[in-house]
Amino acid sequence: MAVDEQRLEQLMGTMVGYMTGGAVCFSVWLGDELGLYRAMAGSGPLSADDVASKSKCNPRLVREWLDGQAAGGLVHYDAAKDTYELSEEAAMALADDESPAFVARAMNAFGSMFIDMEKVRDAFRGDGALSWKDHHPCLFSGTEWFFRTGYRAMLATAWIPALDGVSEKLAQGANVADVGCGHGASVVVMAEAFPNSKIAGFDFHEASIATARKRAADAGVADRTSFEVTTAKGYPGTYDLVCFFDCLHDMGDPVGIARYALEHLEPDGTVMLVEPFALDGRAENMTENPMAALLYAASSSICTPNSLSQEVGLGLGAQAGEERLRQVFEEAGFGSFRRATETPLNMILEAKA
Ligand SMILES: C[S@@+](CC[C@H](N)C(=O)[O-])C[C@H]1O[C@@H](n2cnc3c(N)ncnc32)[C@H](O)[C@@H]1O
């Protein structure tokens, strides 16, 4: 078959973009780790030596890093003055971990994919199983910071208000279960927004639960939160709201887990299912969902292998889409299932008995 030179050139351009993205993700990760962005934020134009001395890093390496950041469009370089500046917008995304646009620390998650290459390779060549617990710890913090920004910006102000009557219940004082809570980012947001409610975080990963406890204590919400190491089919109690934040698709038995949640709902209780955004129909999702390439990459190396490592091993995948998720909840016995709201990254779904 003859090679189409133009198509080849286009493909090489795409590959250069991906290689640049991968390398710049690493530099962003490094910049966050070393405090380089924080050293620049709000300081106006700085020389490379200024950035190096403020961050206590090697000046030659900092200059090289800064030139890369400027080439990648993240930092502004003034050639006449030989200075570098972080804009207000870049500071939000890269320096301020409380901002509604902070993304820098999420790079830990991409780093973990490279670090765990051999384990993922073995899963592909074997039975497909790789437990969440067996990944490098970068995955756990990367996941926290990948999703935390959106939870802080939207969970209490837009997502919960989009559920039928849930905001009012939580304001008065309700019991909430956050299943698969990881480092507890969503637990802390709900506990801060609804001080009369009790939020219980559950996760089968002991180290994540230890971090979640620390996050809640640091945020001053330890009095209204609790955490327990348990599987999604093992937590005690009944709840007005059971939440799954970006985790149900990771689990081996989503139908059994949804059924367990139904059995642990108070009368008129609600399940809030937050899942990565996906369009129904794989072909459409691949071409029309701008997040699909990233999310399938994560799904094939992290989410689906974890599901295949657990009982049932359904392997739903992070791009299941609303209709497939509806089937899961119908099979589990729920009577109603609807999309409450969405963002480019997440679908917020409501299920009720
Ligand atoms: C993608 S992370 C999401 C964590 C957290 N909800 C967040 O949004 O940051 C998936 C979480 O599900 C947990 N998990 C996976 N399978 C589980 C199971 N069967 N029971 C309980 N937790 C599980 C993992 O330990 C991990 O913390």
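This is a predicted model: local features need pLDDT of at least 70, side-chain atom pairs count only at pLDDT 80 or more; totals for chains, interfaces and linings use all residues.
Residues are numbered from 1 along each chain as its sequence is written.

**Helix 8**
- Helix 8 bends by about 45° at Tyr151, the bend being the angle between axes fitted to the seven residues ending there and the seven starting there.
- Because 17 of its 23 residues are buried, helix 8 is largely enclosed by the rest of the structure; a residue is buried if 20 or more other C-beta atoms lie within 10 Å of its own, exposed if 12 or fewer, and partly exposed in between, with C-beta atoms placed from the backbone.

**Shell around the ligand**
- The ligand is surrounded by 22 residues, the closest being Gly180, Gly182, His205, Ala232 and Cys247.
- Two or more residues of this shell come from each of helix 8 and helix 10 (185-193), and helix 8 gives the largest share, three residues.
- By type, the shell divides into nine nonpolar, nine polar and four charged residues, where Ala, Val, Leu, Ile, Met, Phe, Trp, Tyr, Cys and Pro count as nonpolar, Asp, Glu, Lys and Arg as charged, and the others, Gly among them, as polar.

**Strand 7 and its partners**
- Nine of the 12 residues of strand 7 (residues 265-276) are buried, so this strand is largely enclosed by the rest of the structure.
- Strand 7 pairs with strand 6 (residues 239-245) in the parallel sense over six bridges, pairing requiring at least two DSSP bridges between the strands.
- Seven bridges join strand 7 to strand 9 (residues 346-352), and these two run antiparallel, with Pro276 standing opposite Asn346 in strand 9.

**Positive phi outside glycine**
- Asp82, which is not a glycine, has a positive phi of about 55° and lies in the loop between strand 1 (76-78) and strand 2 (83-85), where Asp82 is exposed, with 12 other C-beta atoms within 10 Å.
- Val312, also a residue other than glycine, has a positive phi near 75°; Val312 is placed in the loop between helix 14 (292-308) and helix 15 (322-331) and is partly exposed, with 14 other C-beta atoms within 10 Å.

How values were computed
A residue is near a molecule or strand if its C-beta atom, placed from the backbone, lies within 6 Å of it. Helices (H or I, at least four residues) and strands (E, at least two) are DSSP runs, numbered from the N terminus.
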